[in-house]
Amino acid sequence: MPILQPDQIYQLLRNLTSPVVAITSARGGTRNGMIADSAVRASIVPSIPRVSVYIHKFNYSHDLIFETGRFVLHLLRDDQFELIHRLGFASGRTRDKLAGLPHRSGTLGLPVLDDCYAHFECRVANVMDTGSSTCFLGDVLDVGYGSAGQAVGSVMTAAYFRANMPPEWRGEYEALLRAAQQFAAERSRDIRPVIWRSLEQP
Ligand SMILES: Cc1cc2nc3c(=O)[nH]c(=O)nc-3n(C[C@H](O)[C@H](O)[C@H](O)COP(=O)(O)O)c2cc1C
């Protein structure tokens, strides 16, 4: 068997990435949104819909979701590049990334973006620590299509985004990815046991 280099292994692993999703969260009067390409279906039971997503600990969204146990995951259309740039290239720690972006308060009281393919409102059922990130398992409590109606267009995938993002964003995207990889490399071995609140004994 040929020995694969780490970069080759990473390129193979990229085939396992999910659609590009926007994740919103809120705590008190603060609201936020970020982008992730690590969300997948996490249940085969139609009556128990679940998703999972890995969120790096350096992201502001991580703190909001960990502290509130709630998030909204939005599938995006494959023409929503501007939204990905707005939510996924800069942190909301110092500014409101949702300002001016049409949204409403959903069933869980979190921002639901009007313009998306579909959205899933989620309550965290469990978590797994990876050292550098947390994998959140979410029970889907409410679902809806975007304002354009029932599943209009195609869903944005990670591969489509990487291949078609405006060329002037590529340098920034790659620098952000390298910084995230550096953060993860320094912490990935430091896995902590975490018992999610809802699983704690009363
Ligand atoms: C295409 C794309 C995919 C991303 N995937 C993830 C991901 O799966 N997990 C994650 O923690 N961050 C991911 N990010 C990075 C966050 O969206 C980014 O760090 C964002 O600025 C976080 O915002 P916040 O600090 O306001 O939460 C991705 C960014 C892009 C552009």
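Two strands count as paired where DSSP finds at least two bridges between them. On that basis L73 stands opposite F120 in β8, and six bridges join β5 to β8 in antiparallel fashion. The model is a predicted one. Its open sheet comprises seven strands in the order β2-β1-β5-β8-β9-β4-β3, with antiparallel pairing. A ligand is surrounded by 21 residues.

**Sheet edges and strand pairing**

- The edges of the sheet are formed by β2 and β3, the latter covering residues 40–41, and each of these strands pairs on one side only.
- Strand β1, residues 21–27, runs antiparallel to β2 and is joined to β2 by seven bridges.
- Within this pair, I23 lies opposite M34 of β2.
- β4 and β9 are likewise antiparallel, with seven bridges between them.
- In that pairing, Y54 faces C135 of β9.
- Eleven bridges connect β8 with β9, and these two strands run antiparallel.
- C135 in β9 is the bridge partner of M128, while F136 in β9 is the bridge partner of V127.
- Three residues separate the strands in the hairpin of β8 and β9, where G131 adopts a positive phi near 95°.

**Helix α5**

- Helix α5 spans residues 167–187, a run of 21 residues.
- At 1.5 Å a residue, α5 should span 30 Å, and the separation of 31 Å between its end C-alpha atoms agrees with that expectation.
- A residue is buried if 20 or more other C-beta atoms lie within 10 Å of its own.
- The number of buried residues among the 21 of α5 is zero, so α5 lies largely in the open.

**Ligand shell**

- Among the 21 residues that surround the ligand, the closest are S38, S61, G88, S91 and G92.
- At least two residues of the shell come from each of β2 (30–36), β4 (50–56), α2 (60–68) and α3 (81–88).
- β2 makes the greatest contribution to the shell, with four residues.
- By class, the shell holds ten nonpolar, nine polar and two charged residues.

- Y117 is located in the loop between β7 (111–113) and β8.
- Y117 is buried, because 22 other C-beta atoms lie within 10 Å.
- Leaving aside residues up to four places away in sequence, Y117 touches L75, L76, R77, G146, A151, G153 and V155.
- Y117 and S147 are 30 residues apart along the chain, and their C-alpha atoms are separated by 8.4 Å.

Note on methods. Residues are numbered from 1 along each chain as its sequence is written. This is a predicted model: local features need pLDDT of at least 70, side-chain atom pairs count only at pLDDT 80 or more; totals for chains, interfaces and linings use all residues. A residue is near a molecule or strand if its C-beta atom, placed from the backbone, lies within 6 Å of it. Ala, Val, Leu, Ile, Met, Phe, Trp, Tyr, Cys and Pro count as nonpolar, Asp, Glu, Lys and Arg as charged, and the others, Gly among them, as polar. The expected span of a helix is 1.5 Å times one less than its number of residues. A residue is buried if 20 or more other C-beta atoms lie within 10 Å of its own, exposed if 12 or fewer, and partly exposed in between; C-beta atoms are placed from the backbone. Two residues are in contact if their C-beta atoms, placed from the backbone, lie within 7 Å.
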